[in-house]
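Please read the points below with the model open beside them.

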Amino acid sequence: MSQNTGLAAYITVTAAYWAFMLTDGALRMLVLLHFHTLGFSPVQLAYLFLLYEFMGMVTNLSAGWIAARFGLTLTLYLGLGIQVMALVALSQLDPAWSIALSVVFVMCVQGLSGVAKDLSKMSAKSAVKVLAPKEGGGLFRWVAVLTGSKNAVKGFGFLLGAGLLAVAGFQTAVWAMAAVLAVILVGTFLFMPTGLPQGKKSAKFSQVFSSDPNINRLSLARMFLFGARDVWFVVGIPIYFYSVLSDGTVAGNRTAFFTIGTFMAVWIILYGLVQGLAPAILKAKHKTTPEIVTAAITWVGLLTLIPLAISVAVWVDFSGLVYFVVTGLLLFGFVFAVNSSVHSYLILAFTSEERVTMDVGFYYMSNAAGRLIGTLLSGVSYQIGGLPLCLFTAALMALASTLAAMRLK
């Protein structure tokens, strides 16, 4: 494969992934804020995202094998197509339905979206291993750019979703996103360059499970790392800010929606920017893989202290607490972003081109498992102990990620 062909394929895959993540971020904010205003409890809101994360686990296991068997382009097209179907289905939600029926319906639609997200993610991340230049730290740079830009785009999606909900309403917003993504899917199908693996019929599903201890330990560290984020990110912080910012009126809700959407967007965008800069922050171009493993342990250990400190501050309560929380969570995002980028590099460094889709699929199954655990605990811990318990639970999960990372060789 020529360098130009590889770069063209990388750009096309990245653009398609950007389009998907924009709708993914917008959809999450739309669902969370829309159903909170309908009177859903924190636990019920968490339920809406559980099947999304569970299907991500299932999808990642099977997607690695599907890509190895049938090629990366197929899994990318499937991911985009299923997301269009999920958005169209969600537009059929009837406000007259009972809360129980609405929860079940949205859980199922979110489950479809979870399948779509992880098909797309596995395709994009695996493509980097195949397409990135092999010299001069090229792999770390390319995966950092893909991961960082994806999260920045998802951050704009949070802002887009909150803005569309406030201005256009739920159903109009969902239809608009479905239409745009359908156009992206057609464009990707028509203009996708050659260069991605086409699959091998000899690939067996049993090969999805890795025998490499480093891949298994990194996957465990990844599970706890993302649990540590989502335990406050999914339900806790948006509902906490809503309780502080809204007076319950239509105007108050609109202000709260824009403010929450802006914070979530800024957090994700800055997180993505830091991910993209992680190779420079760590001076990774001049470091060996064992040295980057050591950095992974150091940075996740630092991450443990931040939610613990914020948790104590919220429990104590003092004037200007909201500003302290915002600052602390932005610091969490910086350290978390470096951790996440290091992990994304290490999984590709540990695997081989022959096993890349399967190992990446298994690794992101663990990622989805962490998000599933974090999502459930976000609703439960907020309902039991409010934001302090959410953040304390995040600290415990970051500590567990540190212990898993310390076993890497």
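1. Phe158 touches Gly25, Ala26, Arg28, Met29, Phe233, Gly261, Met264, Ala265 and Ile268, leaving out residues up to four places away in sequence. Contact here means heavy atoms within 4.5 Å. Phe158 sits in helix 5, residues 138-167. Helices (H or I, at least four residues) and strands (E, at least two) are DSSP runs, numbered from the N terminus. Is Phe158 buried or exposed? Phe158 counts as buried because its relative accessibility is 1%. The cut-offs are under 20% relative accessible area for buried, over 50% for exposed, and partly exposed in between (1.4 Å probe, protein chains only). The C-alpha atoms of Phe158 and Val266 are separated by 9.0 Å, although the two are 108 residues apart along the chain.

2. A note on the source: this is a predicted model, in which local features need pLDDT of at least 70 and side-chain atom pairs count only at pLDDT 80 or more, while totals for chains, interfaces and linings use all residues. Residues are numbered from 1 along each chain as its sequence is written, and side-chain values use heavy atoms, with hydrogens and water left out.

3. The chain has 12 helices and 0 strands. Of its 409 residues, 59% count as buried. Among contacts between residues at least 6 apart in sequence, 87% join residues at least 24 apart.

4. Helix 11 runs over residues 321-350, and its 30 residues should span 44 Å at 1.5 Å a residue. The expected span is 1.5 Å times one less than the number of residues. The end C-alpha atoms of helix 11 are 43 Å apart, which agrees. Helix 11 is mostly covered, with 21 of its 30 residues buried.

5. Helix 10 (residues 289-316) can be checked in this way too. Its 28 residues reach 42 Å from the first C-alpha to the last, close to the 40 Å expected at 1.5 Å a residue. After helix 10 comes Asp317, whose phi is positive, near 65 degrees.

6. How do helix 7 (residues 213-233) and helix 11 lie, and at what angle do they cross? Their axes come within 11 Å and cross at roughly 155 degrees. That makes helix 7 roughly antiparallel to helix 11. Axes are lines fitted to C-alpha atoms, for helices over the stretch in contact, and angles run from 0 to 180 degrees between N-to-C directions. Angles under 35 degrees count as roughly parallel, over 145 as roughly antiparallel, 65 to 115 as roughly perpendicular and the rest as oblique. The crossing of helix 7 and helix 11 is left-handed; the term applies if the near helix is turned anticlockwise from the far one by less than a right angle, and right-handed applies if clockwise. Residues that meet here include Asn214, Leu218 and Trp232 in helix 7, and Phe332, His343 and Phe350 in helix 11.

7. Helix 8 (residues 236-245) packs with helix 11 at an angle of about 155 degrees, with the axes 12 Å apart. Helix 8 and helix 11 are therefore roughly antiparallel, and their crossing is left-handed. Ile237, Tyr240, Phe241 and Val244 in helix 8 meet Leu321, Val322, Val325, Val326 and Leu329 in helix 11.

8. Helix 9 (residues 250-281) and helix 11 have axes that come within 8 Å and cross at roughly 40 degrees. These two helices are therefore oblique to each other, and the crossing is right-handed. Among the residues that meet are Trp267, Gln275 and Ala278 in helix 9, and Leu330, Ala337 and Ser341 in helix 11.

9. Ser341 lies in helix 11 and is buried, with a relative accessible area of 1%. Leaving aside neighbours within four places in sequence, Ser341 is in contact with Phe140, Ala144, Gln275 and Ala278.

10. Thr351 lies in the loop between helix 11 and helix 12 (356-405). At 7% relative accessibility, Thr351 counts as buried.

11. How many disulfides does the structure hold? There are 0 disulfides, a disulfide being a pair of cysteine sulfur atoms within 2.5 Å. Cys390 is buried at 0% relative accessible area, whereas Cys108 is partly exposed at 45%.
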